[in-house]
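Here are my notes after going through the model you sent.

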Amino acid sequence: MSTAQTSEQVRTPRLLRRRAAGESSFLSRHGSQVLVVVSELVLILAFSLASPYFLQLANFSALLLDASVYVLLALGLTFVIATGGIDLTPGFGIAFTGVCLAVAMRWAAGIGLGTGAVIAIGVLVGLVAGAVMGTANGILVAYLRMQPMIATLAMMLVVWGLAMVISGTSAVPLSEFSTFLALGQGRTLGVTNALYLIVIVSVIAAYLLNRTLIGRYALAMGSNEEATRLSGVNVRRWKMLVYTLAGTFTGLAGILMASRLASGKPDVGQSYEMYAIAAAVLGGASLQGGRASVFGSVVGAIVIATIRNGAVLMGIPDQWQKVLLGAVVLAAVYLDSRRRKS
């Protein structure tokens, strides 16, 4: 046997091993994202066969509008879960930020400001309200060393109560602000305007997670917080900033919801935090921290919205929809535990 033949025989198994290792590495890194995309395709196929209305453009627009709020909440939770924490405030945080926005807009209109200024003030107040809520969560978790689930559960009740107090327990109408309502109710090229918002916000979130310090430190803290601290990172400050960022995303969701409903409602958003957590975990985020994906969270949120949309078209009662979505949350947690073991 010649030297060239021997060399070729040696190289071939090595090449095959490299290819196998590369494929294995890709699946280990992106297996959750592949799974959630496949799940969404299966759901689309199943619901399109079950209902002739599912594939209509109007229904898809409604589905994406419903998904947009879940996407915004899931993006914020992606950063929090990356640290190994949790945030239960997004559900009633929508109500709180939406009510703050509505009250601010009505006040600004009442003193005679123009439409543009009224909308700008309302949006700014909604974002600030969300950021303040997130900062409060961050202080409780990072500086007061409270367990994230307990701290954010308490804060959830606080913001729900504040939403009731500020609104007087009734919806604050915004029906006269047609320009603002176009965000949640209008369409461009047949597709809801909310889609363009979530595309822009998702790109920003992906950049923050993968290309900036807040994303890298969030993942580092989730992987090994003590090692991150010993490397010179101010863990408390960055963890607080992560919760502030998550609160800002909740503020965006509250703005969008207020535009959809043409009002700031103090009772909206119940259970939305569970859907957002499920979306992030389905998309590959680990509840133990150190692992997260913006793309996965977005697709996971669309999966949740697809299930809700398809269930409505099939005439499944609301109480059974909750059972179904609860099962999805359990499945997401189970998949996360399996990923950790593997």
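1. Let's start with the open space: how do the residues lining the largest pocket divide into nonpolar, polar and charged? The lining has 14 nonpolar residues, along with four polar and six charged ones. Keep in mind while reading on that this is a predicted model.

2. More on that pocket. It holds about 520 Å³ of space, and 24 residues line it. If you want to centre your view, go to G84, G85, I86, Q147 and P148, the lining residues that lie nearest the pocket's centre. Helices α4 (115-143), α5 (148-167), α8 (213-230), α9, α10 (272-282) and α12 (318-341) each bring at least two residues to the lining. The largest share is from α9, with four residues.

3. Three elements contribute two or more residues each: α3 (90-110), α9 (235-261) and β4 (263-264). Here too α9 gives the most, again four residues. By class, the cavity lining comes to six nonpolar, four polar and one charged.

4. How far would I trust the coordinates? The average pLDDT for the chain is 88, and 90% of the residues reach at least 70. Helix α9, which I mentioned for both linings, has the highest confidence, with a mean of 97. At the other end is helix α1 (residues 3-50), where confidence is lowest, at a mean of 65. Within residues 3-12 the pLDDT is below 50, and this stretch has two contacts in the model beyond near neighbours in sequence. Residues 19-24 also stay under 50, with zero contacts beyond four places in sequence.

5. The overall build: twelve helices and four strands. Of the 342 residues in the chain, 48% are buried. Taking contacts with a sequence separation of 6 or more, 80% are between residues 24 or more positions apart.

6. On packing, the largest nonpolar core has 79 residues, and V69, L75, I94, F249, Y272 and I304 have the most contacts inside it. Helix α2 (residues 57-82) supplies the largest share of this core, 15 residues. A separate core of 14 residues lies apart from it, with L101, A102, V172 and L181 among its members. I304 is another one to look at: leaving out neighbours within four places in sequence, its contacts are Y70, Y275, A278, A279, L282, L325 and V328.

7. I44 is in helix α1, and beyond four places in sequence it touches F54 and L55. I44 and F54 are ten residues apart in sequence, with their C-alpha atoms 8.2 Å apart. F54 turns up again among the contacts of N59, which also touches Y53, N309 and L313 once residues up to four places away are set aside. N59 is found in helix α2. Is N59 buried or exposed? Its relative accessible area is 13%, so N59 falls under the 20% cut-off and counts as buried.

8. Last, two backbone angles to check. Most residues other than glycine have a negative phi. Which of the burial classes do they fall into? A262 is buried because its relative accessibility, 17%, is under 20%. S271 has a relative accessible area of 32%, which lies between the 20% and 50% limits, so S271 is partly exposed.

Definitions and conventions
Residues numbered from 1 in each chain as written. Predicted model: local features only at pLDDT ≥ 70, side-chain atom pairs only at ≥ 80, totals over all residues. Heavy atoms only, no water. Nonpolar A, V, L, I, M, F, W, Y, C, P; charged D, E, K, R; others polar. pLDDT = per-residue confidence, 0-100. Contact = heavy atoms within 4.5 Å. 1 Å grid on protein atoms, 1.4 Å probe; cavity = no way out; pocket = protein on both sides within 12 Å on 5 of 7 lines; lining within 4 Å. Points joined across faces, edges and corners; volume = space filled by probe spheres on them. Core = buried A, V, L, I, M, F, W, Y, C linked by side-chain atoms within 4.5 Å. Buried < 20%, exposed > 50% of the residue type's maximum accessible area, 1.4 Å probe, protein only.
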